[in-house]
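Me: Could you walk me through this one? I'd like to begin with the surroundings of a single residue and then move on to packing.

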Amino acid sequence: MILILEADLAEQSPVFQQLLTRLKAMSDIQYRIHQEQGTEQLLSEIYLIGNTKQLRVEDMEALPGVKQAIRVSKEYRMLGRHSGDHRTQGFDYNGVHFGQDNLNVFAGLCAVDTPEHVEQMLKALQENGQVCTRMGAYKPRTSPYAFQGHGKACLPYVFELAGKYGMRVIAMEILHESHMDEIREALEKTGHPTGVMLQIGTRNTQNFELLKAVGRQTEFPVLLKRGFGITLEESLNAAEYLASEGNTKVVFGLRGMKTNLGDPHRNFVDFAQVPTVKRLTRMPVCIDPSHSVGNRDAGPDGIPEVFQVTAEGVVAGANMILVDFHPDPATALVDGPQALLLKELPWFLEDVRLARETYEERVLLAAAQGVAE
């Protein structure tokens with residue numbers, strides 16, 4: 001069960017303390033407190049864990065400071081959708097909104113290689129009105145001899161250049177909880193010129209200790225990619241690990257499934273599950289067309305296949321796009337064959353705009369059908 005408290009109810013207040021006293025007296029019930037300081041008010045939720053079937057919604061809503069009680073009847077207790085749950089969707093981070101009702105594009109380098117390429121990428125994004133990017137500093141590789149990223153050495157110049165070109169949020173994969181400390185330290189030294197969305201890659205979707213560590217911090221939002229060899233349910237439960245530790249600012253990423261059934265694409269595209277994730281949870285949904293397709297090939301109509309699957313995900317309602325670009329893909333140290341060219345960036349963004357426009361028209365059409373019925 002979830003208790004939604006009255007706005008601006010501080011934990012130290014007498015009313016909040018009275019509520020905690022009542023909860024502590026309940027047998028077989030534990031609780032976790034989650035608070036978010038918004039721009040205008042403090043929002044507080046308490047998650048009740050244990051034998052909650054014995055609790056009546058009416059009794060819980062009569063407790064001091066409780067605005068609403070929501071009975072959780074499905075999986076994904078904290079990130080899922082539940083009957084009667086009218087909480088505000090999404091979250092804001094560093095001036096950017098992430099929700100199920102909008103779309104953000106994170107174009108950039110899969111792996112940071114040189115400061116010159118970082119600057120060229122960020123300059124192109126600024127010229128095209130973008131405020132988000134992806135920059136890989138830590139790279140998990142199948143071969144121990146492959147380039148595994150510059151790590152903390154590249155963070156200062158990446159953050160400084162991001163600030164120079166107005167990037168508000170950088171999606172950056174981490175492989176170990178120590179990487180969070182390195183990111184914090186670099187942001188501090190450079191004066192916090194930008195923000196970072198921590199990314200949990202497909203290989204670490206079931207690294208439960210990493211999930212717990214990332215979930216315990218609430219400074220950075222998290223992009224969790226679906227595990228490429230596990231079910232959707234297992235991946236959504238991985239997201240619950242983050243939320244259960246306190247961090248509910250989670251975006252769920254679809255990045256294709258590892259199977260030869262997807263050949264000649266790198267992975268089998270799973271973007272048809274965008275609306276499924278939005279139906280089951282309150283998380284914004286990200287698509288990663290680059291790692292799904294794995295090449296820059298175009299069809300006979302002249303449209304690159306990366307564009308095609310991006311449109312598939314956007315028309316289905318995706319809220320974030322993680323896509324690889326590079327100033328010189330031939331020299332890229334990671335995934336060069338799938339990186340789009342900088343000259344293709346305006347085309348890509350316009351194609352995304354058309355797909356999003358189509359999705360919004362489809363939403364209006366669906367709403368009209370509902371009114372007609």
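Me: So which residues is Asn104 in contact with, leaving aside its neighbours within four places in sequence?
Reply: With those neighbours left aside, Asn104 is in contact (heavy atoms within 4.5 Å) with Val96, His97, Phe98, Asn319, Met320 and Ile321. This is a predicted model, in which local features need pLDDT of at least 70 and side-chain atom pairs count only at pLDDT 80 or more, while totals for chains, interfaces and linings use all residues. Residues are numbered from 1 along each chain as its sequence is written, and side-chain values use heavy atoms, with hydrogens and water left out.

Me: Is Asn104 buried or exposed?
Reply: Asn104 counts as buried because its relative accessibility is 12%, where buried means under 20% relative accessible area, exposed over 50% and partly exposed in between, with a 1.4 Å probe and protein chains only.

Me: Switching to helices, how do the axes of H3 and H4 cross?
Reply: The axes of helix H3 (residues 115-127) and helix H4 (residues 155-164) come within 10 Å and cross at roughly 25 degrees; axes here are lines fitted to C-alpha atoms, for helices over the stretch in contact, with angles running from 0 to 180 degrees between N-to-C directions. Helices (H or I, at least four residues) are DSSP runs, numbered from the N terminus.

Me: And which residues make that contact?
Reply: Pro115, Val118, Glu119, Leu122 and Gln126 of H3 meet Tyr157, Val158, Leu161, Ala162 and Lys164 of H4.

Technical notes
Helix = DSSP H or I, 4+ residues; strand = E, 2+ residues; numbered from the N terminus.
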